[in-house]
Amino acid sequence: MATRTDAPTRREQILKEAARLFAERGFHGVGVDEIGAAVGISGPGLYRHFAGKDAMLAELLVGISESLLTGAKRRLSEADAAGVAPEAVLDSLIEGHIDFALDDRPLITLHDRELDRLRDADRKLVRQLQRQYVELWVGVVRRLYPDLAEPAARSAVHSVFGLLNSTPHLTRPGSLPDRAGTAELLHRMARGAFAAAAAGA
């Protein structure tokens, strides 16, 4: 979502505003009329794009999991084609997740609060995509740190995700440097976490 450079479609505008409102006030605290007003259309007009709020929530949460996995696969494919070192591959994965963590903070909040509201099939799909994303990271981490056992690598990946996904809680004015500085700080901390896990292997 955040990686698009062309003008967002009306559907994407609706999803962006729905994510913001759901994150701020909770799924049940927001009506379709409010989402419509945020994008300049009537509440009933939303039904030309989505069946309802449940459909918006599903598309948001499934969509970001698909986007993260697709982006990570692309980064790995490009890295393999270029023959870059495992360290640079891990750096690329970290950079991609940091972009998400800084640019799509409402989706992190939404996932934490509202995942259980999805239909079983959608929730299972999100979990499946997330497992694939984790295992992709585990493979890269173990290429860089071959002495790190698979369970420890998986725990380290989950811990780094927790660190990077903490950005919605870091919103107090003046609590962070600018975006570039924040991204650099998060990157150093993520690499430090993996190095610490490997040092203890």
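Reply: Fine. This is a predicted model, in which local features need pLDDT of at least 70, side-chain atom pairs count only at pLDDT 80 or more, and totals for chains, interfaces and linings use all residues. Residues are numbered from 1 along each chain as its sequence is written, and side-chain values use heavy atoms, with hydrogens and water left out.

Me: Which helix is Glu-17 in?

Reply: Glu-17 belongs to helix α1, residues 10-25. Helices here are DSSP runs of H or I with at least four residues, numbered from the N terminus.

Me: Is Glu-17 buried or exposed?

Reply: Glu-17 is buried, at a relative accessible area of 16%. Buried means under 20% relative accessible area, exposed over 50%, and partly exposed in between, with a 1.4 Å probe and protein chains only.

Me: What does the side chain of Glu-17 have a polar contact with?

Reply: The side chain of Arg-20, at 2.8 Å. A polar contact is a pair of N or O atoms within 3.5 Å; within protein, one must be able to donate a hydrogen and the other to accept it, and residues adjacent in sequence count only if both atoms are side-chain atoms.

Me: And what is Glu-17 in contact with, leaving aside neighbours within four places in sequence?

Reply: Ala-38 and Val-39. Contact means heavy atoms within 4.5 Å.

Me: Switching to helix packing. How do α3 and α6 cross?

Reply: Two packed helices are described by the angle between their axes and the distance between the axes. For α3 (residues 53-82) and α6 (residues 120-144), the axes come within 9 Å and cross at roughly 25°. Axes are lines fitted to C-alpha atoms, for helices over the stretch in contact, and angles run from 0 to 180 degrees between N-to-C directions. The two helices are therefore roughly parallel to each other; the classes are under 35 degrees for roughly parallel, over 145 for roughly antiparallel, 65 to 115 for roughly perpendicular, and oblique for the rest.

Me: Is the crossing of α3 and α6 left-handed or right-handed?

Reply: The crossing of α3 and α6 is left-handed. A crossing is left-handed if the near helix is turned anticlockwise from the far one by less than a right angle, and right-handed if clockwise.

Me: Which residues make the contact?

Reply: On α3 they include Leu-61, Leu-68, Leu-69 and Leu-76, and on α6 they include Leu-125, Leu-129, Tyr-133 and Leu-136. The contact of α3 with α6 divides into 13 nonpolar, three polar and five charged residues. Ala, Val, Leu, Ile, Met, Phe, Trp, Tyr, Cys and Pro count as nonpolar, Asp, Glu, Lys and Arg as charged, and the others, Gly among them, as polar.

Me: What about α3 and α5?

Reply: α3 packs against α5 (residues 105-114) at about 110°, with the axes 10 Å apart. That makes α3 roughly perpendicular to α5. Leu-57, Leu-60, Leu-61 and Ile-64 of α3 meet Leu-107, Leu-110, His-111 and Glu-114 of α5. By class, the α3 contact with α5 has six nonpolar, one polar and one charged residues.

Me: Which residues of α5 are buried?

Reply: Leu-107, Ile-108, Thr-109, Leu-110 and Glu-114. The buried residues of α5 pack against α1, α3 and α4 (86-103). Thr-109 has 16% relative accessibility, and Thr-109 touches Ala-23 and Pro-168, not counting residues up to four places away in sequence.

Me: Next, α4 and α8. What is the geometry?

Reply: The axes of α4 and α8 (residues 179-199) come within 10 Å and cross at roughly 130°. The two are therefore oblique to each other. α4 passes α8 in a right-handed crossing.

Me: What does Leu-102 touch?

Reply: Thr-167, Arg-179, Thr-182, Ala-183 and Leu-186, not counting residues up to four places away in sequence. Leu-102 lies in α4 and is buried at 11% relative accessible area. Its C-alpha atom is separated by 8.6 Å from that of Thr-182, 80 residues apart along the chain.

Me: And Asp-91, what does that touch?

Reply: Asp-91, also found in α4, touches His-187 and Arg-191, again not counting residues up to four places away in sequence.

Me: Last one: is Ala-199 buried or exposed?

Reply: Ala-199, in α8, is exposed, with a relative accessible area of 67%.
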